[in-house]
Amino acid sequence: MKKHAIQSCEDILRKQIEYNTEHNVLSSETAVAEYLLARTIELQDTYLELHDKLGSRPPALEVFLGLLLSVAAFWNPERLSEARSQRKRLEEINDSISSKACELAELLQHRTAIENASPFGGGTHYHSINVILEAATENHLFNSWVREDLKGLSARFDMKYWPPLADVVQEIARDASAAEITSHDPITCASTSSRRNSLADFLRALRAAIFENSASNSGQIPNDFRLTDGALASLTNCALDLQPNAIIDSQYVKRLRQRDRELE
């Protein structure tokens, strides 16, 4: 029985490698599949568990192993560290935009006040619509479908109906200041929920991927599917190709599950 379970799981992995190679795609997933195939001995009991729980409900086993390859390829510690850096950089950029836009809004207000009170002017933009029209000069679709209508509106309604340039820029500042950085997908959201990098990120990503592909979300994974702590530890160690000094055990997974339950 164990031999059959191992064969079934590894056949799925080999088929995925063959497909990726033939179509020259997903080389990172191929690498993960090769990690798993190279560590059969560590995964024997896990393959048996997977086959027992999913083997009789095709294509659930194939879907799960596909998820494992994807999560290990795109939500591994290195990728998630980069994602956290991008989130931090985005926060810094929004702070900078807010600060600089506030400064620019003040300068625009000051320029308008001087031009209105003095015999001098620079011929610069004063109407927000003119800024849009000039900025869209090279936009073919805008020029074909929007420009004339917008020009018509600006001709029909004088300046008091439109926000001053300074107010437009001030709104950019407010928007950047109020921005809350969120991920575009639930897997990234789950795997970057903590501020510090750890292998727990991968386990959270895998858990989120399973949920997103569960029957309750019109997927192929049964709603009651649960892997033991030991199986999750083995999959993490092998899919990420962790070396002996970095591997995790079932107690690590158990503690993580308990900690996440307490935070829910």
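User: Before we start, what counts as buried, exposed or partly exposed here?

Analyst: Buried is under 20% relative accessible area and exposed is over 50%, using a 1.4 Å probe and protein chains only. What falls in between is partly exposed. With arginine 257 at 24% relative accessibility, its label is partly exposed.

User: And what's the model, and how many salt bridges does it have?

Analyst: This is a predicted model, where local features need pLDDT of at least 70, side-chain atom pairs count only at pLDDT 80 or more, and totals for chains, interfaces and linings use all residues. Residues are numbered from 1 along each chain as its sequence is written, and side-chain values use heavy atoms, with hydrogens and water left out. A salt bridge means a side-chain nitrogen of Lys or Arg within 4 Å of a carboxyl oxygen of Asp or Glu. By that rule, the count is 14.

User: Which residue forms a salt bridge with aspartate 229?

Analyst: The closest N and O atoms of this pair are 2.5 Å apart. Aspartate 229 sits in helix 12 and its partner in helix 13, so the bridge ties together parts 28 residues apart in sequence (helices are DSSP runs of H or I, at least four residues, numbered from the N terminus). Aspartate 229 itself is buried at 18%. The partner is arginine 257.

Technical notes
Helix = DSSP H or I, 4+ residues; strand = E, 2+ residues; numbered from the N terminus.
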